[in-house]
Amino acid sequence: MDGVRSKEEAVVSGVPQGTVLGPLLFLLYINDMPNHVHSKTHCHLFADDTLLYRVVETISDQIQLQQDLRRLKEWDANRAMVFNPSKCYIMSINKGKTLNPHFYELCGVMLNSADHEKYL
């Protein structure tokens, strides 16, 4: 700016903010995330939001969902990214019989429950 240049810095991770290309680069960077969860666990991506869900009928389903959360934690660590568990919630939707409550954790933090959440 005004004939002055800042020094060059290597960018080891991240996407430039406020660019047209930024969102596309970010989506390309995270596009393989759904490949790291069990085939019966659904992973939907929208911008920088992720929805992970699974039909839970047995304790094995609950255990598998927790394993999927652990796999995603490994996924983010390998990409120098960090999930924010304070923005993650558990929401159970059921009709009829329910299993005993199961507590899920992400990044060593127990996830809070919610009875509603905005879905983009």
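Helices (H or I, at least four residues) and strands (E, at least two) are DSSP runs, numbered from the N terminus, and by that rule helix α2 spans residues 59-78 and holds Gln66. The model is predicted, with local features requiring pLDDT of at least 70 and side-chain atom pairs counted only at pLDDT 80 or more, while totals for chains, interfaces and linings use all residues. Residues are numbered from 1 along each chain as its sequence is written, and side-chain values use heavy atoms, with hydrogens and water left out.

- Gln66 of helix α2 is buried at 6% relative accessibility, where buried means under 20% relative accessible area, exposed means over 50%, and partly exposed lies in between (1.4 Å probe, protein chains only).
- When residues up to four places away in sequence are not counted, Gln66 is in contact with Phe103, Tyr104 and Glu105, a contact being heavy atoms within 4.5 Å.

**Salt bridges**

- The whole structure contains five salt bridges, each defined as a side-chain nitrogen of Lys or Arg within 4 Å of a carboxyl oxygen of Asp or Glu.
- One of them joins the side chains of Arg71 and Asp68 at 2.7 Å, N to O, and both residues belong to helix α2, where they sit three residues apart, about one turn of the helix.
- Within that pair, Asp68 is buried at 0% relative accessibility, whereas Arg71 is partly exposed with a relative accessible area of 34%.
- Another links the side chains of Arg70 and Glu105, with 3.9 Å from N to O; because Arg70 lies in helix α2 and Glu105 in strand β4 (residues 105-106), the pair ties together parts that are 35 residues apart in sequence.
- Arg70 is partly exposed, with a relative accessible area of 44%, and Glu105 is also partly exposed, at 22%.
- A further salt bridge brings together the side chains of Asp61 and Arg54 at 3.3 Å, N to O, and here Asp61 is buried with a relative accessible area of 14%, as is Arg54 at 12%.

- Strand β1 (residues 41-46) and strand β2 (residues 49-54) run antiparallel and are joined by six bridges, two strands being paired if DSSP finds at least two bridges between them.
- Across this pairing, Cys43 stands opposite Leu52 in β2, and Leu45 has Thr50 as its bridge partner in β2.
- The hairpin has two residues between its strands, and Ala47 takes a positive phi near 55° there.
- As a general point, side chains in a regular strand alternate between the two faces of the sheet.

**A nonpolar patch on the surface**

- Leu21, Leu24, Leu25 and Leu28 form a nonpolar surface patch whose accessible area together is about 380 Å², with areas taken from the Shrake-Rupley method using a 1.4 Å probe and, for residues, only the protein chains shown counting as cover.
- Patches consist of residues with over 30% relative accessible area and no salt bridge, in which like charges are joined within 9 Å and nonpolar side chains (Val, Leu, Ile, Met, Phe, Trp, Tyr) within 5 Å.
- Leu25 belongs to helix α1 (residues 21-30) and is partly exposed, with a relative accessible area of 37%.
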